[in-house]
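Please read it alongside the sequence and the coordinates.

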Amino acid sequence: MADDTYQAESDGDDDDSGPGYGHNSDDRRDEDISKRAGVAKQLTELFDEVTQGFEDQSSRSDDQQDYWDVYNCLLTGKQFYDGNSQIFVPIVHNAVNARKTRFTNQIFPTNGRNVEVVSQDGELPYANMSLLEHYIQRAQLRTQIMPALMKNGDVEGQYNLYVSWEKRERYVTWKTTEAPEMDEGGANPAAEPVETVKHQTITDSYPCVEVLKDSDVLVLPQTADNINDAIANGGSVTIIRRWTKAKIRAMIREGAIRKDSGEALIGQMSTESKEPSEKAHLEAAGIKHEGGLKFALVYQTWAILKVKGERRLCECFYGGEDQLLGARRNSLWSDKVPVLSVPVEKVAGVFKGVSKVKPCCDIQYFANDAINEAADSAAYALLPIVMTDPQKNPRVGSMVLSLAAVWETSPQDTQFAQFPQLWQHGFEMVAAAKAEIGQTLSVSPAALTGGGAASKSKPSQAEVAQEQQIDLLTTADAVTTVEQGILSPLLELFVEMDHQYRDDDIMVKQYGKMGLEAQMESVPPTQFDTRYTYKWFGVEQARSAQQIQQQIAMVNVLRGIPPQQMNGYKLNIAPLAVQLAENAFGPRLAPMVLVSPEQQMPVPVEQENSLLLSGFEVPTHEMDDDQAHIQGHSTILQDAEGKNAPNAKKTQAHIWAHMQQMQLKQQAQVQAGQGEPGIPGGAMGGQPQPGVAGTPRQGAQPAQATGGQGPPGMIPHDQLKDPSVPPRL
């Protein structure tokens, strides 16, 4: 079989034309192999299985459409009651949105740090971490991708992402002032600068993340545990792409599909009739019409094919009706499938999960029927029922409801009746359905403690505390699945694509830089000479305020342990202080609270002068030679350019700061031998002194007496959200 395949491929090497064809090097990933006889036969069998696979999961796609109708609040034929009112109670809609908001906020903490990197040499690659944070913002994971992914996961039961690399060019024009060039080249120093117009081509390259519908993703075999398992066992991964004519031309220029097949597909789009085929199912490849738009539905499949006797992971495109658009080796150097897919809740023996909305659909239909019946009942209840005797009141036609109406009848012969207030029972039924759906989707954990939306009694403090604990546990369980199955592999793909596609340095924002250091850092293309492990750290960083209180108390306990009892260990509080400051103040304010040793180095006078002339705020350093700095900065104000500069006041303020610092240093020298009272353990003149009021003793945890008042900002015991702390009963 291997020999036959190799012979067929060798005979077909000269059939193709275009870039990359005719080369037999195994290193070329852009070479099209779809016309080789041996590969073409494999592709035909592969796409027959893919087409059958989409037909097999069509019932799942139909059910998911019903789930989306429930989320989108669309009344369908699933309702039993057909009356005048057409109201949809958005119970499932609100519950899914509440889960989406809760999970997204848990995944992306407020401090803005989402990446953790572990290296072989123990050094943290801050440049790569900043690069990944930049790509996270550029891909709009927080605002666009993650909310949609959370919503799709709850409705469809599966998280699906597709990752690609985008490269776009911009042709920019700007004005600048420069000296004219001489004929021999170079700027003319004797000429006056003139205003010129410059042109430049700027290339933006970044990863692009796309949320996929579950009905557009097919993994074969459907019993595989994950995508890697499916590929290793001879299966395939397929996603549906909807291409316009412009997109097809772009794929031809990129070399993903053959030129002849792409042009033939465009021709079919121009001549295809608008009447859809009755036999073709919704996900079948081919030309489709939807909402007046015409597009080509293409299968993009990754599978292992035998190429020249060797098994290689290939990327293939299929346009329907036995039309092979192209095939090539996997375009990623890492040889990974750029599709991430994990179930919301894993079901043994099945790749895809079950929708979280599925158990709530019947309850939602019941609530819709109840609210519509209640609305119709309320309309009847608002209108009075008039009962009269027609024999004693022959002029019934004159009894008209109007302003200042006069009814010519006896009051004893006419009575009013009221329709029963059945709408109240309907709203109680809706409230019960709301509580049940909230409990099913873990949106209202108070229902587990006897409370909930249908309860008329106010929940106790213990019930509220238990609800918060259950809320935290369910949230942590859900976001951990996304972190391990989607976000951490996504960071790996970001780094691998950056290594493959980016050739130029990129300027990214680096957290922790302040003062004299630059706010932007140039990051070269990523190299794989040192192995890094990337992990999404946002979930673990989302700590509650109560945990910060425990960390502060533990630091004080560690400080009270005598050194001889540490058994050789040395206490280093610096990492704890940095972490506590970052959790409390965020990554922008924390570096100003705790200054790292690198930022405490003095700056030469010449560099400070350059920064002052550029308009920067330059702080003084305690190790500066103030007298020399004052003399050096005074030279700026001696010439006319520096004296009349717009930033001259900043130079004067900096000189004044040095003068103030000189006075403080002189005062510190006078008081150096006297000492001063401090925290417990301080001394003055060699004698122990009492501690500063309010400072905790070493080894003690801050607490209050019974009935006392805690420190400002302390969380009450009944509002603690840490699951390890039981509520006070």
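**Chain overview**

Among contacts (heavy atoms within 4.5 Å) in the protein chain between residues at least 6 apart in sequence, 69% join residues at least 24 apart. The model is predicted, so local features need pLDDT of at least 70 and side-chain atom pairs count only at pLDDT 80 or more, whereas totals for chains, interfaces and linings use all residues. Residues are numbered from 1 along each chain as its sequence is written, and side-chain values use heavy atoms, with hydrogens and water left out.

- The protein chain contains 19 helices and 17 strands; these are DSSP runs numbered from the N terminus, with helices being H or I of at least four residues and strands E of at least two.
- Of its 729 residues, 39% count as buried, where buried means under 20% relative accessible area, exposed over 50% and partly exposed in between (1.4 Å probe, protein chains only).
- The accessible surface of the protein chain comes to about 41,700 Å², and 52% of this belongs to carbon and sulfur atoms; areas come from the Shrake-Rupley method with a 1.4 Å probe, and for residues only the protein chains shown count as cover.

**Nonpolar cores**

- The largest nonpolar core has 40 residues, of which Ile107, Leu141, Ile486 and Phe494 touch the most other members; such a core is a set of buried Ala, Val, Leu, Ile, Met, Phe, Trp, Tyr and Cys residues joined through side-chain atoms within 4.5 Å.
- Elements that each supply at least two residues of this core include helix 4 (91–107), helix 6 (141–156), strand 2 (158–178), strand 10 (339–343) and helix 12 (461–501).
- Helix 12 provides the largest share of this core, 11 residues.
- Another core, of 23 residues, lies apart from it, and Ile33, Val50, Leu297 and Leu324 are among its members.
- Leaving aside neighbours within four places in sequence, the contacts of Leu141 include Phe108, Val209, Leu490, Phe494 and Trp536.

**Helix 4**

- Helix 4 is mostly covered, with 12 of its 17 residues buried; among them are Ile91, Arg99, Lys100, Phe103 and Ile107.
- At 1.5 Å a residue, helix 4 should span 24 Å, and its end C-alpha atoms are 24 Å apart, which agrees; the expected span is 1.5 Å times one less than the number of residues.

**Sheet 3-2-10**

- Three strands form an open sheet in the order 3-2-10 with antiparallel pairing; two strands pair if DSSP finds at least two bridges between them.
- Strand 3 (194–211) and strand 10 stand at the edges with a single partner strand each, so one side of each is left without a neighbour in the sheet.
- Strand 2 and strand 3 pair in the antiparallel sense over 18 bridges, and Glu210 in strand 3 is the bridge partner of Tyr162.
- Helix 6 lies across strand 2 and strand 3, running at about 165° to strand 2; axes are lines fitted to C-alpha atoms, for helices over the stretch in contact, and angles run from 0 to 180 degrees between N-to-C directions.

- Leu313, in strand 8 (residues 310–318), is buried with a relative accessible area of 8%.
- The C-alpha atoms of Leu313 and Asn330 are separated by 5.7 Å, although the two residues are 17 residues apart along the chain.
- Phe351, in the loop between strand 10 and helix 10 (361–381), counts as buried at 2% relative accessibility.
- The C-alpha atoms of Phe351 and Asn226, 125 residues apart along the chain, are separated by 6.6 Å.
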